[in-house]
There are 4 protein chains.
Amino acid sequence: MLTRRTAVRNLGLFLAGSPLLEAQHDLTNKGERLPAIDELVNVLDFEPVCKSRIPNNSYDFISAGVDNEWTLRRNRQAFERITFRRRMLADTSKMDLSITLFGQKAEMPIFIAPTSSHQMVHQEGELATARAAAQVKTIMLVSSISSYPIEEIAAAAPHPLWFQLYPDADEDGTRERVERALAAGCKLVCLTVDNPYRFQSERLERNRMSTGGQPGDAGSAARRRRTPEQQAPNRYLLRPTPTSRLTWSFLDQLRSWSKAPLLVKGILTAEDAGRSLEHGADGVVVSNHGGRLLDGDPATIEVLEEIVNAVGGKIPVLVDSGFRRGTDVLKALALGAKAVLVGRPPLWGLGAYGQAGVARVMELLQAELARAMGLSGCPNLASINRALVRAAP
Amino acid sequence: MLTRRTAVRNLGLFLAGSPLLEAQHDLTNKGERLPAIDELVNVLDFEPVCKSRIPNNSYDFISAGVDNEWTLRRNRQAFERITFRRRMLADTSKMDLSITLFGQKAEMPIFIAPTSSHQMVHQEGELATARAAAQVKTIMLVSSISSYPIEEIAAAAPHPLWFQLYPDADEDGTRERVERALAAGCKLVCLTVDNPYRFQSERLERNRMSTGGQPGDAGSAARRRRTPEQQAPNRYLLRPTPTSRLTWSFLDQLRSWSKAPLLVKGILTAEDAGRSLEHGADGVVVSNHGGRLLDGDPATIEVLEEIVNAVGGKIPVLVDSGFRRGTDVLKALALGAKAVLVGRPPLWGLGAYGQAGVARVMELLQAELARAMGLSGCPNLASINRALVRAAP
Amino acid sequence: MLTRRTAVRNLGLFLAGSPLLEAQHDLTNKGERLPAIDELVNVLDFEPVCKSRIPNNSYDFISAGVDNEWTLRRNRQAFERITFRRRMLADTSKMDLSITLFGQKAEMPIFIAPTSSHQMVHQEGELATARAAAQVKTIMLVSSISSYPIEEIAAAAPHPLWFQLYPDADEDGTRERVERALAAGCKLVCLTVDNPYRFQSERLERNRMSTGGQPGDAGSAARRRRTPEQQAPNRYLLRPTPTSRLTWSFLDQLRSWSKAPLLVKGILTAEDAGRSLEHGADGVVVSNHGGRLLDGDPATIEVLEEIVNAVGGKIPVLVDSGFRRGTDVLKALALGAKAVLVGRPPLWGLGAYGQAGVARVMELLQAELARAMGLSGCPNLASINRALVRAAP
Amino acid sequence: MLTRRTAVRNLGLFLAGSPLLEAQHDLTNKGERLPAIDELVNVLDFEPVCKSRIPNNSYDFISAGVDNEWTLRRNRQAFERITFRRRMLADTSKMDLSITLFGQKAEMPIFIAPTSSHQMVHQEGELATARAAAQVKTIMLVSSISSYPIEEIAAAAPHPLWFQLYPDADEDGTRERVERALAAGCKLVCLTVDNPYRFQSERLERNRMSTGGQPGDAGSAARRRRTPEQQAPNRYLLRPTPTSRLTWSFLDQLRSWSKAPLLVKGILTAEDAGRSLEHGADGVVVSNHGGRLLDGDPATIEVLEEIVNAVGGKIPVLVDSGFRRGTDVLKALALGAKAVLVGRPPLWGLGAYGQAGVARVMELLQAELARAMGLSGCPNLASINRALVRAAP
């Protein structure tokens, strides 16, 4: 029988690009006292605890944005341009935050965004994350780049998963990837379209410089496992992914052999929302990839409404990048999003406390959203509308 | 005869939710020199003096806002978006700041906002506050959650009081509460509608964590006295108040058994101002509860004009949250408010110097308002109008 | 023959309100090296040198703004909202910055604003300032509150002066004040209308507190010489000046007995500019009194254009408050001002180096303006127009 | 045979105004470790390395802006007002950043701006810079004020150069200057029109003060070599250049004896763009001279579109001032610029590593631009258009 690590190695499909697979860190505390989980009063409190528990390179890999990290900061600051117009004296004694989307029910409109290689922060990796998602009854989007095979992740959790797709270099590979995920029980395919190049962080580059790129650090591990295409940065020092060769017709191709609901993730303009519609997407995710791709991308909350207006209610719009508070989520819902994905917060929870941490992070977000909704006179998601917020220009 | 404390205990009506009733702090100086009261040149100067005189938990309870305290800061910053358009050479040698509202005269359009449990900061609690209000001839709004019974507070002060109402869990309780206040001499009922949940401050939560929630601190005292409904946070970790079950028809109910003038406090939108009008309110108070309820609420000075326009002069509009300067007050009056309530400043005065401190705080605000009016060519409240200010978008 | 100080004492007219007349400070260096004057590269450099040479109270009296000093800061920051639209390749080899206003020629459109009691910063007081104005051939506005009698000031300087008027408590006194100034050779009366109350600075109040209000400090000297009216702050703690009783008809009165050109200083709205026109003013000065009267006044550069538009070119508009750079001046000229007054900068020059300092300050401003004009394709004042600047909203 | 230095001295044409010609600094490291060039991850990293390698005065001369250096900072900050509207799923696997402008091909739309006296930072001066430009196949604009004669610079580099022209005091001198540059192989004349006065930096003035203006420092060297006209600052303390006497007819003159393509550099308004067109310019460069001339100039990225609209596509518009990132460049291209010039970055590269540093700086900018374009769905310059960016007001 295969050991854990061997099993992962054999599943090359999910390894592509996984930068830290070998970093099976001994996640012992670095000497600092681990606070009891209920001493953390909000999601932001989990970040320093996570940081104290995982290797610095892993922390930087999770935290970093691209270049000056301007978009990373903008993702937070932009929420301040929106204020509430809450309404009083609506009976909110019976709150209900549940949502059914693409046939799947969740107890909150806050899902776990697809992020790669959860073993980077906790040995149980995606298994723990998936169990936590099931525990709090929300949806987890499993990344194409996972530390565990999709079958094991799906087996770990009773609640159905969605599958995030990075296309493979050839169509057959992509199709195998999708079919395997669906066979494992995933209920939806979420195609990420925004990264023709691999993540390139100056923060991580500087780490590599200062450590001399020793084996075991994230950067060097990634470099050693590059495919030939990825080995040599091209003439413009770029590190393309298979996505760089795709056009919108790829969606048609995908639809021709998959009937699963299809989300297109990484939409930032009305034009691309329209293209998604034309090519048969069942929904879009407004995302700037957590500020990790182009420094100068707007915050997603700034462009959400443009995209909501463009799809005109024909398909649901989801959104991610920078959400840390229930009030952030409520602002997005008021501007027309159906649900919000959170990426770094569950990783903080995972790195800090494993499954329990992920579950607590999601519960706190749910609680904050419930409080914000109740204070705004909204007992359920259907009662949220555009009049709830005022957006500064 | 009952002792002071016993008396309070027996008046359960006013105890509901009072978080610090037992904290009959020995309000001795913590060792710092107490400055002479006339060394304090403005209202803001009273805050550090108060802080040096009262328990840290009490100070935090007064000061805290909700979550990131963004709205708390916004309440102050938003005044900077408004500048004056003052007019010269109007004879202002005879200033008159008096106002008559709902039949009650005051010597300034600046009233004492309802805040809970004044014994948290000074042993004489609301008795001292009420005496100070009478001394400077302004209106005090007495909170439903007071350290002293309304009868004693009313007896302490010759100037009539207004009564702030938090609804009880059942209508009879509410009615008894109102009738008792009116019987004691209160002239108006000010119904607070903006808090379906109890105040939840991360600052206070962290205090509780670091002290282990020992008896005697605010948080634990509050927890120990919770009603069954309040004991168990519900599935979304919420702590509802009776207000969470109310709708606008509650106003009709109230009007059916009370003929006292009715203010509705906690209005933040034109829509709710309109609802207040429809359901018979005699006035509204624009308030975000001092930044203590929903982080993301706009500053009240930002939305005041929307509400003034919505009521179209049919009933008076009052406003609170963040007022610290005479110029702040004048900006609100120019935008259409009839009067301004101040909450924390009189508490700072009370904590620092007792009755004399409250009186001085109100006098300083009055003096600053008089100076700002005189410099603007306004000898009285009637001469203030919209042309006096310019509001940046 | 009278000694210098006795002479001043006998001229009660000019003493009214002079807060520091007795403070004939020994203006010796406080021990720091006095830099050579040409080591100072811009006007701002003179402030710390002045500060090192004069009593702290004098420095604070000059520097302070009212309340939070928000308008004081805004006066500087608001210039940043205006950027240039300069034009190239206009022959600017022959620059001419001269201006003729109300029949008086000056070599720069930058005049010395009226400020009180120049002996506060230098023993030669207004005599030195007036000599410096003559030296650089610009106009000095002499304050009603001067350390020297107007006759001596006028005698000190060959270049004609303008007279700033604070009305006396009765008309005869005012008329005597004006006629005496005109007899001494002043060519214009500049009536200040914006201060119904005396300057009230929290910074100075705090100084008084910490020094116990000892004789010799600015505050206490002022208090000791108060007229009965000024002694007792009225019910609203105000300290009115005779201006508080005036209306616009005072201008008609003034015009009935004085044919000198009349500037009205302290205009902040189109409405008051219109009133000035109606009542016969020959010009207006847009001013917020250097941020010393109402905290919340806009920067003058923000409202200049409103006033320029209101007078429609019928009379010249001047402006002061916060000007420190040639580029500041050019922005005002482009927005329609005919000239700019500077108040604190010449006082810094005077306190630091006496007459030579005032002259150098004015020369530096002139040089900076010349450079800014030349770089913008404007060889003279007539070539400056509205198209030269872009104003952000 | 002439020594290097003697040769330079004999070429008075190129010496005019060169402030640091004698400063043939021994560019040895000041004791800090020189990092390996590939440890620098972006262009900004080169600045501190350069600073550690060159005399302080040289560094300040390069870095300084005029007056408060507000425009210098604005040049950077203004990029933040523009965000991307990037498009996904355009095949960007084959990137091409090449451009042909005025008949000259370059491998990137990022050229080396004309800056004076490269020996200030490296002994090989413009020879190294020109070699680096040829190495990375981009265009270098050679300043009229160079450390080496134009013939030597042109001989050093196979890639054709463009010549930046400062007019001489008389037309013959100017013509000789241009003809000599064209004879040496320069392919275009770029006339700078924005500096009627010499650069005047308070930072450098203060340096001079604090060093006593010793020989060898930038300021004093410059002063010693001033022409008679430059020796005596005129009545307004100005230091005019020959440009101060020119008008737009100078362009007609120039065109009458030169058929080389003519760029006009230093355009900041639609009006001057129109004038350039009228007088036969083949292109314009939007520039505020790196924030070195008028403090209050807008950032060039703020006014670029006004100028692009004014020329209406008739001639190309280039831009410089403050560009440090590939995303900065892409914003300018989206707003209509054909190419961007960078001034300080190649000097940082030159000062830090000589030719290799210049080449690396340009390569990094090229790589960042390629990445930004690829992420935005733009495989080449032709695919970039106005819809790619959103500009805040």
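A salt bridge is counted where a side-chain nitrogen of Lys or Arg lies within 4 Å of a carboxyl oxygen of Asp or Glu. The legends below describe close-up views of a predicted model.

Figure 1. The contact involves 39 residues of chain C and 40 residues of chain D. About 3,500 Å² is buried between chain C and chain D, with carbon and sulfur atoms giving 53% of that area.

Figure 2. Nine salt bridges are counted between chain A and chain D. Here 40 residues of chain A are in contact with 39 residues of chain D. The two chains, A and D, bury about 3,400 Å² between them, and 53% of this area is on carbon and sulfur atoms. Y197(A), Y236(A) and L294(A) together supply 19% of the area that chain A buries against chain D, more than any other three residues.

**Figure 3. The open eight-stranded sheet of chain B.** The strands of chain B pair in parallel, in the order β4-β11-β10-β9-β8-β7-β6-β5. At the edges of the sheet are β4 (110-112) and β5 (141-142) of chain B, each of which pairs on one side only. The partner of β4(B) is strand β11 (residues 339-342) of chain B, to which β4(B) is joined in the parallel sense by three bridges. Within this pairing, F111(B) has L341(B) of β11(B) as its bridge partner. Elsewhere on the sheet, helix α8 (residues 171-183) of chain B lies across β6 (162-165) and β7 (189-192) of chain B. The direction of helix α8 of chain B makes about 165° with that of β6(B).

**Figure 4. The open eight-stranded sheet of chain D and helix α17 of chain D packed on it.** In chain D the strand order is β4-β11-β10-β9-β8-β7-β6-β5, with parallel pairing. The edge strands, β4 (110-112) and β5 (141-142) of chain D, each pair on one side only. Helix α17 (residues 355-375) of chain D touches β4 and β11 (339-342) of chain D, and its direction makes about 160° with that of β4(D). Strand β8 (residues 262-267) of chain D and strand β9 (residues 283-286) of chain D are paired in the parallel sense over four bridges. In this pair, V264(D) has V284(D) of β9(D) as its bridge partner.

**Figure 5. Packing of helices α16 and α17 of chain C.** Helix α16 (residues 344-353) of chain C packs against helix α17 (residues 355-375) of chain C at an angle of about 145°, their axes lying 6 Å apart. The crossing of α16(C) and α17(C) is right-handed. From α16(C), the contact is made by P345(C), P346(C), G349(C), L350(C) and Y353(C). From α17(C), Q355(C), A356(C), G357(C), V358(C) and V361(C) take part. The residues of this contact comprise seven nonpolar, three polar and no charged.

Definitions and conventions:
Residues numbered from 1 in each chain as written. Chains lettered and ligands numbered in written order. Predicted model: local features only at pLDDT ≥ 70, side-chain atom pairs only at ≥ 80, totals over all residues. Heavy atoms only, no water. Pairing = 2+ DSSP bridges. Helix = DSSP H or I, 4+ residues; strand = E, 2+ residues; numbered from the N terminus. Contact = heavy atoms within 4.5 Å. Axes fitted to C-alpha atoms, helices over the stretch in contact; angles between N-to-C directions. Left-handed = near helix turned anticlockwise from the far one by under 90°. Nonpolar A, V, L, I, M, F, W, Y, C, P; charged D, E, K, R; others polar. Buried area = accessible area lost by both parts, 1.4 Å probe.
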